[in-house]
Every structure is written in C-alpha cells, then in structure tokens.
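Please look through the structure shown here before reading on.

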Amino acid sequence: MEKKMAFAAGSGTAAQVSDDCLTDDLFERVGISEQESEKISRESVSYWKDAMRRFRQNKVAMASLVILLVIILMCIFEPIFGPIKYDTQDYDVTNQGPTLQHIFGCDDLGRDIFARIWVGGRVSLAIGCIGALVSLVVGVIYGGISGFCGGIVDDIMMRILEIIVSIPYMVVVIIFSLFLGKGMGSLLIALCVTSWTGLARIVRGQIIELKQSEYVLAARVLGTPSFKIILKHLIPNTMSIIIINTTFAIPSFIFSEAFLSFLGMGIQPPLTSWGAMAALGQQQMTYYPHELIFPALAISVTMLAFNLLGDGLRDAFDPKLRK
Amino acid sequence: METIVENEEKNLLEVEHLRVSFHTYAGEVQAVRDISYTVKPGECLAIVGESGSGKTVSSKAVMGLIEKPQGEIKEGSRITFDGQDVLKFTEKQWEKFRGNDVAMIFQDPMTSLNPTTKVGKQIVEAILLHNKMSHEDAAKRAVELLRMVEIPNPEERFGQYPYEFSGGMRQRVVIAIALACNPRLMIADEPTTALDVTIQAQILRLLRKIQKENNTAIIMITHDLGVVAGMADKIIVMYSGKIMEQGSVRDIFYHPKHPYTRALLKAAPSLKGNGKEELQVIPGTPPDLINPPAGCGFSTRCSLCLKVCKQYPPQSHDFGEGHSCTCWLYHPRTVQVLGEEKINNMLEEQ
Amino acid sequence: MDANALIHVEHLKKYFDLHKRGTLMAVDDVSFDIRRGETFGLVGESGCGKTTCGRTVIGLYRKTDGKVVYDGRDIDSMTEEDRFHFKKKAQMIFQDPYASLNPRMTVEDIIAEGMDNFHMCQSTKERQERVYDLLHQVGLNKEHAARFPHEFSGGQRQRIGIARALAVEPEFIVCDEPISALDVSIQAQVVNLLVHLQREKGLTYLFIAHDLSMVKHISDRVGVMYMGHIVEQAPSNELYTNPLHPYTIALMSAIPVTDPDVERSKKVVPLEGEVSSPINCRPGCRFASRCKYATDRCRQETPVLKEIAEDHFVACFQKE
C-alpha cells in the first residue's frame, strides 16, 4: 500500500497543487492554438554565431588567441619602436645572460636577443601565414575541382597529386635555393609547392561526400546550376573544415621554416628567424643556454598556441557535438 | 487469488523518481523528468514514445551509460535491481552488472560489433569475461548461442566477420552476445527499427522465444505501437520526459485513458481502412526540454487541453491493477467542475 | 500505355558498374504508368531498388536503358526548353529531413532556391511573400522564415522540404520515403498534408516507402518491388485484400498490427533468408531462393507482369 502511495505522488512531480488554487475557470477547454504548437522557444542562432559562442566559452582556446595576438603585435611594433635595433652589435656584452637592459640576454656578437626574437618572429609568422594562405587557395581549388568533376578528371588530378606528395620537400628546397639563392623567397616557394596536397585531399573528400547529400540532390532537382551549387552549398559546408585545417597548417609551416633555417637552408644573416636563432644558440648551448632557450621557447609557445586554437575551433565547429 | 500471488513476486527492477539532465551549450535539457516504474522477472515492459521523449535516456540510466559530465542523474533518483542500489555502484560493479545481470541491444547492430574481430571470437570473449570455463567449452557454447538465435550453419558462421552478415543476421549476433551470460534483464533499444518488416518479424519472434525459454525480462524501447502489441506485457507511454500513461497491453490498446495515447493509437493508419480518409493528426511539435512547459508536456498539442493543463503539472490517477494516467481530465476537481458526462463526451469526440 | 498517364515508364533499367565486383542491377526492366492526379506507391525492402527507380525517373541518375515519357513527350528527345519545363514540373521530397536541408541557409533561402532558379519572382518583396505563403500552406508561419534548419524538429523540417518542392509549382512529385524517419504522430501530419495538397493542386505522386500501411493509405495503386523487379502491381485495396505474389503475401503478414489480440493470434507467413543484393543476376525469378513454391522454371526463366484481374498484375508462374 505504501509503495502505491509513493508512486502516485511521484509521477505527479513534487509540486502538489492544493485544491484552493484550482478555481472553476481553470477548467475551461482551450484546445490547441496553432501558433503555440509550432512555436520554437529557443532564440534563433546561425551556425557561425553558435560556433563562435562555443568558441568563446573555451578558455584554453581564448587564452591561445590572446597569446597569439600579443606575439603578432609585438612582432609588428617592437622592431619599429623598440630601443635596441636587432642588428646593433655591442662587443661589451657578448654572450651576456639576461639583464635589465637586455632582458633575454645577448648573443655571441653582442646583439640583443629580445629585439631579434621579434624580428625573427616576423619571418616565422610571415612564412606560416603566407604558406598557409597559399596552400589554402591552391588546395581548396584543386581539391574542389577534383571532387566536383569526379570521374576521369578526378583520377588524373589525384595521380598528379600523389606524384607531388612523393617528392620530399627537402629536395625541392635545395633545388629552389640553387636557382633563387638561399633566403625567404625560395623557402616560401618550396614550402608552398609541396604543402597544399593535404588540404586538397581533405577538400576533395568533403566535396565528394557533400555531392551525394540530399540537399545537393534537392538543389539539382530544383534546377540549380553547378556554379550555384558550389557557391551556396558546397563551399559554405566545407568552410569549417578548411578553417580548422589552415589553423593547424600555420604551426607546421613555422616549424618547417625553423627546421630548414636550423639546417642553414633558410634565412641568411643578418636577417634572422627563430630557427636560425636556435641554430646559433645551439652552438653556444653548453655555456650560454639562454641563447637557445629563448628562440626555442618562442617557437614552442607559438606552435602550442596555434594548435590549441585549432583544437578550440574544431570543437566549436564540430557538428557532432551540437545538440 | 492470482493477482495476490503476482503482487507478492519480487520486482526485478525498480526505478523511482528518476530524473536525468544533459548540460549542453544551449542550456540544461531535462530529458527525463521524474519517472517511476517496475519490472518483474520474465516480464516484457515496453516503453513507447517519440524521439526526444526520454525513453532511451531512462534505460541508459539503468545501464549506467549516462556519460558524465554532460549527463547527470539528479539527486533523489533511485534505481534498484534485485535489491541492490545500482546508482551507488563503483565502475567495477557496473562492469560486472552490465555483463551478468543486464544486457543491452541497440538499434544499429554495427555499433555494438567490432568490425575487425570474427563473430565467434566476440561471443567467446563475452562468455569468458563473465564465466570461468575453458576456451573450448566457451566456443561450444558460442556455437550453441548462434544456433539459439537461429543463424543457419552456426559452425561456419562462427569464423566470419560482421561485414559478411546482413543487417538482420548482425542483430541476431548482437542478441547472441547479449545472451552469453544469461542476463536476467535485456534492454532492447529499438532493436528492429533499422530492419525490414519481414526481418523485423523474425527478430521479434526470436525475442519472444528467448523471453519464454530463459525467463528473461525485457525492456523494449520503441516508437512502433505495432511492435509493442505483439510483445509487451506492460506498456509505459512517455512524452516530454514524463510517463503519460502506464498499464497492461490490454489497458493501453483497448482502454486508453490519456489523450496522447488515444491520439497516438488513432494516428497509425490501419490496413483495413478504405482509401484516403484523413488520418487523425496530433498537430504541432514536441516541446523543447530546455524550457519544459510549466504544466502538462502534451498541453500544446492536446485538443482537449484545459486552462489548468498549461499552468500546473497533472498528477497520476490510478485506475487499479497497475493502470494509471497522468492527466488533468481525471483529477477529482475536474470531474467536480465539468461533470463526468462532459469529460466522457470530450474524450469521445477527440 | 495509359491514355491518361502523366508519367509512363517503360523497361527502365539502371545498372551500377561496380568495376571488379560486377554490375549492380538496381532497377531491372521496370514498367509502370502514373495517371494524372493519382498516387502510385512503390514498396519494397531496403535495397530493392525503389529509391534508385524514383531518382532515375526524375533524372537524378542517368538511366541505363528504357524510356521515361512525361506528359506524352519522351525525356530523351525533349528540346532544351521542354527539359527546363520538366525540371520545374517534376520535384522531389527526400527521406532524411536532417540531411536534405542545407544547414548554412535560412529557411527562406532554402524554400526560395527553386524560385530563384526559374526566375519566378520579380522583387525581394514578392519572393518573401511567396515564402510566407508556402510556409503557411505547410502549417508553419512566417516567424520561421529567418531561422536555420537545425532549430526545427524532424516533422517541421520535412514540411520545409515539402514547401521547397511546392515553390516551383510542380505537377509531379517523387516522395522518397518522406515519412520513414519521422515519429508516428508526425507521420500522420505529413501524410495528411500531402493528401491535402494533392486534392488542392491536383498533384501526381510517386510515393516510395517501406511502410506498407502508410503506402496503402495514401496510394491509389501500388507496385511491390523485389530486387529490381516489380513483382506485383494493383490498386491498393485490391492488393491488400487479395495479394497474389508469394512475396507480397509474406510482406503483408509481417506488418505488425496495432491490436494485441489480432497481433498475437495472426499467422505470420514465415519468410526465411534475406534480400541479397542484385549483383550480376541471372535469368529466373529473383524471389525463387526464398519461395516455397519455386520450381525449376522459376529458377531459369524470368516471369513478367501479367494482368490476372482488372488492373492487377503479377509476375509469378504459379498464378498464370
């Protein structure tokens, strides 16, 4: 008996309504109002607004974004307004550790590492951003055409892509530096030639999948011309993947540049980059570790921030987590 | 006399005041809002409801499959299986419980099968996980199980991979794995929704056979009233995270009380009907459980809705013998104000 | 060919080349007529080719062989202008309400897509009014126009899909399992809406589904497909009261009935085995391997549809 009582009370929710509240007029029949039965109680949000809202709630990603902004602003303005020029040599302070005047210390020629970090950062970030941008444009167009046309066009384009993938970029860099001389230009071209393939493959896969989706079929039934299908259906729906992949591509460019400069294939003195600075610091590592630590730290922090930012964007855009 | 014996039989599963919420970016979704039910050994309970009614979530809670931190079983909920309070289980106890006492069958058989492992091995693993026996004996038992779920040539099928099976056959394999440890309760979440009608009939027949032969209790979660009619002993009708009506199959199909149940039964076209007469429609869309309505969850779509339905949640009304219905129309005050005759007329014309 | 036929399909074939694994004969020699203003139902289990058939008829897939005649004109020999006209007059409603609406477009843009393509509106204001009108016709309201698909429930999305098809004022709509992804209470809404629109606008439907009770409810005539063939075709009442093909009989008996007493006492004609995929089929009845009446003739010769009673066609040697 007891159980039954508990059950009856249970399914009626905790709030028991006393009979006093139940005035007669409450028992008037109202039936269905059409407005109400189809009402959507949530506020309207577009996909992008929703994604941005989720992104803003992600503290790690927001912190990464702030760090990156600080680094970028410093790279732009410190060399212009900073008190010490990056190529000023002061033989009194060679290999000096961090002091109040030179907060990151000085290198073997007495140049201020703090100033050099930001100049080097310009090169590293520029290569990262330009490289990612070029691979974005080429990759999206190539992958898009390949996926959308399909058939024989797709076959040929994919074989060409596989050939490019199979060439190690080291070889390409060496060839280009033979013709164009070592420096930022040849480095950038070599990296761009080899790096767009990954994105092209991803975009192709996406486009092929989307081409089969029912809304693209619906658009075709409605007589939508191909260019409109690409513009209105395919591109907007691959956008998030493109953005995420580009964010992840930037740090890999920065690292490639650092790696090549470290090997002496990249930026030549007196201009510098983080990789070139790390290469110099590595020679002095045993006695003056600060000359390696600061450029290495710059590379690590930037790459970490970009990767965390990419993670945050992926979480924000991933439709699987949408509810 | 008989009813007394039945009442004295111990409940296998008791769910009391279960409330489950999910925390999403848009807010807290109250997927299950205070439900209570019981299952006796060997009984088939069907939970019927539309998508989003909370039917799957309520059974996942029984299996301990509500993922934290998004999902949360609210304070005050109680789930007792054979006298044990399952919500207090440690992760180890859960694992033992899931294999030995309760098994679950999902809608898509491919999600519960490992595509890279042979079917036979998967069953053997399930057997060995919970029983102490030699590998050979386990293999023998696996073949036996495959035979039990009516897979032709079980010896040959034993060494095949899931992709070599068709949808219906895969679902049979999943059932075989579920049976590996003789569970006392099997939760089947839309087990036939992804299958064709002829295959559905085969699988339902199989489930009925298992229920009878092994005395396994089954909780069948479905949206299809036809599936329920042939299987269930007891039915729970859920809507917007709450139980609208519960009772025996005959109660629900022949004496439905709740306007939602009544409308649902009328919405399905019958094969006997003659041509394109209008189907009974339940207009509108289920409520958003981020902002659940203050009153009855069905009030926005109910043609018999009273003013009170929108303002206060209805209470459960007991019709005896386990048949109860959560609706304002059966509240003593409603009967007092409107009179029994008027209420009956309203229900009639619905 | 029926004189009143809006769509005439003759020996339609659609094969998919699977390279090394052979040829998938998804639709193999299918013929039917759909009369103006009627609903022709096409039922069958998954993989029987019903969806491919619908998509081929409307031109989404290039047919392998056969003829599709729309309003007396063969689609192959249509002029550019007629084809443009056909594209406008023949529309489609899709199965999955979640996949058939572009998540990045507002409801207004989704519905107006076809109208834009056929330049049906002179001004943005007219476009908006037409969208509001269409939303109203499918039981939604103008506040919904600025929202995005993910904010709607399955039934509401399906109605948006219907509004999109209606926007270009079609005569013929292929409904490709429009209700199978919806809840029971919502299915009735959509079916009623389709019936209502048909009456109001004189639409002709090809209704594809696996749910026989809904197909029976909405269709005037029904074709039963099995592995790329139509095995039986009859007016819906005739088909359900007097099914002749062994497959139809088994299919019919497997439908669960929403009545416990009937459901528990009814005799299910057991159908063993499952539909295999129709790759590299040899001649012979495709149902022969699961049919208890099958003879040697069934395994060697492909039965064709024969008229047994008025308007009732069966492809089975046992019924000749």
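In chain A, Ile71(A), Ile72(A), Met74(A), Cys75(A), Glu78(A) and Pro79(A) of α4(A) meet Ala115(A), Trp118(A), Val119(A), Gly121(A), Arg122(A) and Leu125(A) of α5(A). Contact here requires C-beta atoms, placed from the backbone, to lie within 7 Å. By class, this contact has nine nonpolar, one polar and two charged residues; Ala, Val, Leu, Ile, Met, Phe, Trp, Tyr, Cys and Pro count as nonpolar, Asp, Glu, Lys and Arg as charged, and the others, Gly among them, as polar. Helix α4 (residues 59-81) of chain A packs on α5(A) at about 120°, and the axes are 8 Å apart. Axes are lines fitted to C-alpha atoms, for helices over the stretch in contact, and angles run from 0 to 180 degrees between N-to-C directions. Helices (H or I, at least four residues) and strands (E, at least two) are DSSP runs numbered from the N terminus.

The model is predicted: local features need pLDDT of at least 70 and side-chain atom pairs count only at pLDDT 80 or more, while totals for chains, interfaces and linings use all residues. Residues are numbered from 1 along each chain as its sequence is written, and chains are lettered from A and ligands numbered from 1 in the order in which they are written.

Helix α5 (residues 113-149) of chain A also meets helix α6 (residues 151-166) of chain A, where the axes come within 7 Å and cross at roughly 145°. Among the residues making this contact are Tyr142(A) and Ile145(A) of α5(A) and Met157(A) and Met158(A) of α6(A). Six nonpolar, three polar and one charged residues take part.

Chain C has 11 helices and 12 strands. Four of its strands form an open antiparallel sheet in the order β2-β1-β4-β5; strands pair if DSSP finds at least two bridges between them. β2 (23-35) and β5 (73-74) of chain C are at the edges with a single partner strand each, so one side of each has no neighbour in the sheet. Strand β1 (residues 5-17) of chain C pairs with β2(C) over 10 bridges, and Lys14(C) stands opposite Val27(C) in β2(C). The C-alpha trace of chain C spans about 65 × 55 × 45 Å along its principal axes.

Finally, 38 residues of chain B are in contact with 35 residues of chain C. On the chain B side, α9 (197-214), α10 (225-231), α11 (249-254) and α12 (259-267) each supply at least two residues. That side divides into 20 nonpolar, 12 polar and six charged residues.

Key. Two residues are in contact if their C-beta atoms, placed from the backbone, lie within 7 Å.
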